[in-house]
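Please look through the structure below before reading the numbered points.

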Amino acid sequence: PAPWRGTRVGLGEHALPTYPPRTAANVGAADGPVLFGDATSPGCTLTRRCCTAARKPVLVVPWPFVRPWEEEAARLRAWIEVNDVRVLNGAGNRERKRPGIRDACWGFVYHALR
């Protein structure tokens, strides 16, 4: 269940339980997603296909980071500016497949955008 249910942050659960419809809806609702993790995973591959179909930019940030995170953060900021991304969709691999990715990405995005 969504912990934000009943709040006023403009978020909601998708009606369908599988990830492909959610992925398409998230791509449609955002100006562009940033993908964290293995870009060849089924979910990331689907996200990239949805972005191509919708003509939206997508940025892949490998995790664990292959460059210092400060360089990746600068790359994210530049990508947001160049592509005029106002609504960012954070996507990527699940925590159970990439232990530690959730907290790493949360901190990364926070520091990149502050």
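1. In this predicted model, Thr47 makes contact with Thr23, Val27, Pro33 and Leu35, leaving aside residues up to four places away in sequence. Thr47 itself belongs to helix 2, which covers residues 42-54.

2. Is Thr47 buried or exposed? Its relative accessible area is 5%, and because the limit for a buried residue is under 20%, Thr47 counts as buried.

3. On confidence, the protein has a mean pLDDT of 88, with 90% of its residues at 70 or more.

4. The largest pocket has a volume of about 1900 Å³. Its lining is made up of 43 residues. Those nearest the centre of the pocket are Asn26, Asn89, Gly90, Ala91 and Gly92.

5. Which elements give two or more residues to the lining of the largest pocket? They are helix 1 (19-29), strand 1 (32-36), helix 2, strand 3 (88-92) and helix 4.

6. Sorted by class, the lining of the largest pocket holds 22 nonpolar residues, twelve polar ones and nine charged ones.

Definitions and conventions
Residues numbered from 1 in each chain as written. Predicted model: local features only at pLDDT ≥ 70, side-chain atom pairs only at ≥ 80, totals over all residues. Heavy atoms only, no water. Helix = DSSP H or I, 4+ residues; strand = E, 2+ residues; numbered from the N terminus. Buried < 20%, exposed > 50% of the residue type's maximum accessible area, 1.4 Å probe, protein only. Contact = heavy atoms within 4.5 Å. pLDDT = per-residue confidence, 0-100. 1 Å grid on protein atoms, 1.4 Å probe; cavity = no way out; pocket = protein on both sides within 12 Å on 5 of 7 lines; lining within 4 Å. Points joined across faces, edges and corners; volume = space filled by probe spheres on them. Nonpolar A, V, L, I, M, F, W, Y, C, P; charged D, E, K, R; others polar.
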